[in-house]
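Student: Could you show me how to read side-chain surroundings in a model like this one? I would like to begin with a single residue.

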Amino acid sequence: MHAIERTILEVPMGGSQRPRVMSNPSATATATLAIPLDGLTITAPQPELLSQKNVESVTGIPARVFLETIRAPGFPLPVTKLGKLRLVRREVFIAYLQALASDRAPCRAPAEDERTGLAAVLAAAGLEPVRQRRSGRAIASSGGARRRRLPPPR
């Protein structure tokens with residue numbers, strides 16, 4: 001707030017003389033302003049630490065994805081555990097995400113991703129994918145298969 005010099009006019013008794021100007025350099029003026037709430041934008045400073053409670057509002061990443069990321073094996077950043085909260089420094093986490101985005105390999109074709117994902121699932125179950133030629137039409141099995149309804153879940 002700036003100090004405003006206030007000028008006071010003092011009129012002598014009797015009114016025959018001119019008013020004297022008195023200056024008081026230590027005086028300040030105060031004012032009350034009425035500002036509508038929609039005219040104000042109040043911005044809180046960014047938090048120093050990210051947790052699953054505030055990560056979505058700060059970075060846009062859902063809490064579930066944040067927790068999966070920091071629990072992944074080989075996550076390089078220090079994670080502070082405070083009860084159920086998992087805390088990571090904001091600047092370091094954002095730098096880590098930017099490094100991940102710049103290190104990503106070029107995207108593969110969706111069909112290739114689906115095949116490799118399917119192969120991984122089969123390999124985890126101890127199976128291998130078998131390549132078959134497609135004939136372009138559906139073939140009914142020769143065992144006289146009948147259609148039945150599945151039993152209700154228990």
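Tutor: Leaving aside its neighbours within four places in sequence, Gln52 is in contact (heavy atoms within 4.5 Å) with Ala63, Phe66, Leu67, Lys84, Leu85 and Arg86. This is a predicted model, where local features need pLDDT of at least 70, side-chain atom pairs count only at pLDDT 80 or more, and totals for chains, interfaces and linings use all residues. Residues are numbered from 1 along each chain as its sequence is written, and side-chain values use heavy atoms, with hydrogens and water left out.

Student: Is Gln52 buried or exposed?

Tutor: Buried means under 20% relative accessible area, exposed over 50%, and partly exposed in between, using a 1.4 Å probe and protein chains only. Gln52 has 19%, so Gln52 counts as buried.

Student: Which backbone atom lies 2.7 Å from a polar atom of the Gln52 side chain?

Tutor: That is the backbone oxygen of Lys84. The backbone nitrogen of Arg86 lies 3.1 Å from a polar atom of the Gln52 side chain.

Student: And how should I read a nonpolar core?

Tutor: In soluble globular proteins, nonpolar side chains tend to be buried together. Such a core is a set of buried Ala, Val, Leu, Ile, Met, Phe, Trp, Tyr and Cys residues joined through side-chain atoms within 4.5 Å. Here the largest one has eleven residues, among them Phe66, Leu67 and Phe93.

Student: What does Phe93 touch?

Tutor: Not counting residues up to four places away in sequence, Phe93 touches Leu50, Ile61, Phe66, Thr69, Ile70, Phe75, Leu77 and Val88.

Notes: Polar contact = N/O pair within 3.5 Å; in protein donor to acceptor, adjacent residues only side chain to side chain.
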